[in-house]
Amino acid sequence: MTQIPLESRLPTTYRIKEIRQETPMVKTFTFDGSLGAKPGQFVMVWLPGVDEIPMSVAFDDGAHTRITFFAVGGMTEILAEAKVGDLVGLRGPFGTRYTWDPGDHIVLVAGGYGAAPMYFVASQAVTHGCTLEAIIGARSKEHLLYVKELESLPHVSVHLSTDDGSMGFKGYNTNILDKLLNVTQDAETQDPPVDKVFSCGPEMMLKSVLTICDKYNVPCQLSLERYMKCGFGICGNCTVDPLGVRLCTDGPVVKGEVCRKIAEFGVYHRDDLGKKNAF
Ligand SMILES: Cc1cc2nc3c(=O)[nH]c(=O)nc-3n(C[C@H](O)[C@H](O)[C@H](O)COP(=O)(O)OP(=O)(O)OC[C@H]3O[C@@H](n4cnc5c(N)ncnc54)[C@H](O)[C@@H]3O)c2cc1C
Ligand code: FES
């Protein structure tokens, strides 16, 4: 396990510099400071007297940190009311990151707020000579996130899917992944072979990504979420059966071969009290 410095384990307050309303339920906050996060890592977001919750880092350029979140419950609905200039506590960065080699051809599969960390990956990977196919899926066109940002990057082709067909392919983003891998793994075509697939989004989508990657024998890295409290490996709340690995330190980004050994992957997750909840 990488040693996490004391200052990362304690919250530091950062001022909100900019707020972007992405969709009626999704906001992006830009904070006036960097935590030195890498793509795939997360931070613990703290509102004193309310709660502290994990959020993927949507971007960190060495000067600013960004998070993109859905207002879904007690903490996130209150967080969504914050204004530019307000202070928020952040701890981290924690966890593993997506890893690639220079010049890789990478497919990104994003669902929900997973589009934010996928943009963070793409923005860094292109600087290492990588080419990327970014597949973003949502229920309908209003819910698609980070489309313009991904389209603005060089060497990134964007593919969209919506469940209702209001934009892009009608169906799941994983249907597009299947088609892309089917073509690019064919030696007769001109398309470069896919070196890696990265994915972030709902767990049932990740399960489908793993199945498709196994079918075409392409390595994948998936971001898994479990209930997190400490964020750096001491409380044990985020361990998964039967391996006992802690997803806050051994994850959230986990290789496909490890996911395959997690019996609860796509089956159940545990709440704050350790009780099992089916997906
Ligand atoms: C590594 C990681 C990265 C995440 N990144 C993002 C992100 O970028 N954007 C985003 O919108 N959401 C993200 N989440 C989910 C986010 O943490 C929950 O949506 C949030 O905690 C909800 O809290 P709430 O109080 O608003 O809602 P609640 O009503 O309290 O909870 C709603 C649901 O959120 C989940 N949740 C609540 N607290 C936690 C917790 N401490 N740890 C894990 N899950 C929890 C539970 O499944 C719960 O049923 C991430 C979760 C993890 C584990
Ligand atoms: S959140 Fe405490 S060990 Fe992972």
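I started at Arg 15, which stands opposite Leu 87 in β7. I'm working on a predicted model, where local features need pLDDT of at least 70, side-chain atom pairs count only at pLDDT 80 or more, and totals for chains, interfaces and linings use all residues. Residues are numbered from 1 along each chain as its sequence is written, while chains are lettered from A and ligands numbered from 1 in the order in which they are written.

Next I looked up the strands around that pair. β1 (residues 12-23) and β7 (residues 87-94) run antiparallel, joined by 4 bridges. For pairing I go by DSSP finding at least two bridges between two strands. Strands (E, at least two residues) and helices (H or I, at least four) are DSSP runs, numbered from the N terminus.

I then traced the open sheet: 7 strands, antiparallel pairing, order β4-β3-β7-β1-β2-β6-β5. β4 (51-56) and β5 (59-60) are the edges with a single partner strand each, so one side of each has no neighbour in the sheet.

On to the domains. I have domain 1 at 6-94, domain 2 at 98-223 and domain 3 at 228-279, with bounds from an automatic or database domain assignment. I get 24 Å between the C-alpha centres of domain 2 and domain 3.

Where do they touch? I find 11 residues of domain 2 in contact with 9 residues of domain 3 (C-beta atoms, placed from the backbone, within 7 Å). On the domain 2 side, α6 (203-216) and β13 (220-223) are the elements giving two or more residues, and α6 gives the most, with 5.

Terms used:
Two residues are in contact if their C-beta atoms, placed from the backbone, lie within 7 Å.
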